[in-house]
Amino acid sequence: MEKVVYFDNAATTKVLKPALDAMLPFFNDRYGNPSSVYSVGRDAKKAIENARAIVAGAIGALTEEIFFTGSGTEANNWALKSAAELRQNKGKHIITSAIEHPAVHNTLKYLESKGFEITCLGVDKNGQISTDELKKAIRNDTILISVMTANNEIGTILPMAEIGKIASEKGVLLHTDAVQAAGSVPIDVAAMRVDMLTISGHKLGAAKGSGVLYIKKGLKLPPLIHGGGQENGERSGTEDVAGIAGLAAALEYRVSRLPLDSVAQKRDRLITELLKIPRSALTGDPINRLPGIASFVFEAIEGESMLLMLDHFGICASSGSACSSGSLDPSHVLLAIGLPHEMAHGSLRLSLCEDNTDEEVDYVIEKLTEVVAKLRKMSPVWNED
Ligand SMILES: *Cc1c(COP(=O)(O)O)cnc(C)c1O
């Protein structure tokens, strides 16, 4: 196979060795149904409970607060739809941010169509919401706040502990999508004071189709998926034992590697070198940002053309987010941070993991600098001065 330089770890990751090792036995030797009473079944059940304890330990939760789901998207749907259902008699007002992932954004749009009222808080140029604005937005009928821990396109980390303090003082439920944060920065549900928190396996070195919803003890969230009563009646469907074991192993491994200083150093080198390209800019918070995300806009560049030319050099990267590529609309996140349409079209996200080497960083800097210059030379709108 030709050389692949993978700088798209925020889209998905390779399954880590410890995760793969944890998963494999459940495809053959340990194939029991966790609900069965005989020993192969009990063995699978034990593996799930072991994984639950590991995940709980990794985020400062109790084991009974961890529920496995089929994806991060499912966990977000469950949290938002069920919290809305649970509290609808108290009020129908929900607050969110303008930079949420579609799994939150579109779920809230659905709830809006069902009669809920959504207030979407704008963000500043770094992608930060104003906590003063949040306080002012909370009303007597506000039942739920959903703000992501860290953004997938621009890497901004939001001040969840501050947001959690506000929500808990006002008695409003708080959900956070921590899909990009989990395994990259420390997560502590108690310090964040969240009621619900979402994790996805494939963003942190486990398999696609695995997720977690943390639900704070005492919060009786109605199930989203009904059936045989698995996950303590909260999420039915025969458990993906391998996926669950892999998610726990990956999360445990990643948390043991924190802080990701060597990844952050490579990110910073990408930022320093790529900002030497004329009329380029960093997107997202320069300080409070994920260690693995370097994101930019380049004036007079079409993001898709840039990706295709990088692909020609074996470099995998993203423009906007993978979910929105294929559409010509610029990313809602880049518009929310105040970029004009024409700049937002020229966006690039490079997302690293511990596997990425200094040589790869050099290669990406060299090729990207070439690609931007070449595209600009061909561009009718580019003007050197
Ligand atoms: C990828 C992602 C999701 C969706 O997770 P899936 O497991 O792919 O469904 C949700 N939120 C954020 C921030 C993401 O990056």
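This report walks through helices, their packing and some backbone features in a predicted model.

## Helix α2

Helix α2 covers residues 39-59. It holds 21 residues. From its first C-alpha to its last it reaches 30 Å, close to the 30 Å expected at 1.5 Å a residue. Just after α2 comes Gly-60, with a positive phi of about 75 degrees.

## α2 against α8

The axes of α2 and α8 cross at roughly 30 degrees and come within 9 Å. An angle under 35 degrees counts as roughly parallel, so α2 is roughly parallel to α8. Their crossing is left-handed.

On the α2 side, the meeting residues are Ala-44, Ala-47, Ile-48, Ala-51, Ile-54, Val-55 and Ala-58. On the α8 side they are Val-241, Ile-244, Ala-245, Leu-247, Ala-248, Leu-251, Glu-252 and Val-255. By class, the contact has 14 nonpolar residues, no polar ones and 1 charged.

## α3 against α4

Helix α3 spans residues 72-87, and helix α4 spans residues 102-113. They pack at an angle of about 30 degrees, with axes 9 Å apart. The two helices are therefore roughly parallel to each other. Here the crossing is right-handed.

From α3, the contact uses Thr-73, Asn-76, Asn-77, Leu-80, Lys-81 and Ala-84. From α4, it uses Ala-103, Val-104, Thr-107, Leu-108, Tyr-110 and Leu-111. These residues divide into 7 nonpolar, 4 polar and 1 charged.

## Ala-75 in α3

Ala-75 is found in helix α3. Is Ala-75 buried or exposed? Its relative accessible area is 0%, so Ala-75 is buried.

Beyond its neighbours within four places in sequence, Ala-75 is in contact with Thr-69, Thr-198, Val-212 and Leu-213. Lys-203 lies 128 residues from Ala-75 along the chain. The C-alpha atoms of Ala-75 and Lys-203 are separated by 14 Å.

## α10 against α13

Helix α10 (residues 303-312) packs with helix α13 (residues 358-378) at an angle of about 130 degrees. Their axes are 10 Å apart. That angle makes α10 oblique to α13. The crossing of α10 and α13 is right-handed.

Ser-305, Met-306, Met-309 and Leu-310 of α10 meet residues of α13. The α13 partners are Leu-368, Val-371, Val-372, Lys-374 and Leu-375. The contact of α10 with α13 comprises 7 nonpolar, 1 polar and 1 charged residue.

## Backbone features in the loops

A cis peptide bond joins Leu-258 and Pro-259, with omega about -5 degrees. Pro-259 lies in the loop between α8 and α9 (261-274).

Arg-193 has a positive phi near 55 degrees, and it is a residue other than glycine. Arg-193 sits in the loop between α7 and β7. Its relative accessibility is 37%, so Arg-193 counts as partly exposed. Ala-300 has a positive phi of about 60 degrees, although it is not a glycine. The place of Ala-300 is the loop between β10 (293-298) and α10.

Conventions:
Residues numbered from 1 in each chain as written. Predicted model: local features only at pLDDT ≥ 70, side-chain atom pairs only at ≥ 80, totals over all residues. Heavy atoms only, no water. Axes fitted to C-alpha atoms, helices over the stretch in contact; angles between N-to-C directions. Helix = DSSP H or I, 4+ residues; strand = E, 2+ residues; numbered from the N terminus. Parallel < 35°, antiparallel > 145°, perpendicular 65-115°, else oblique. Left-handed = near helix turned anticlockwise from the far one by under 90°. Contact = heavy atoms within 4.5 Å. Nonpolar A, V, L, I, M, F, W, Y, C, P; charged D, E, K, R; others polar. Expected span 1.5 Å × (residues − 1). Buried < 20%, exposed > 50% of the residue type's maximum accessible area, 1.4 Å probe, protein only.
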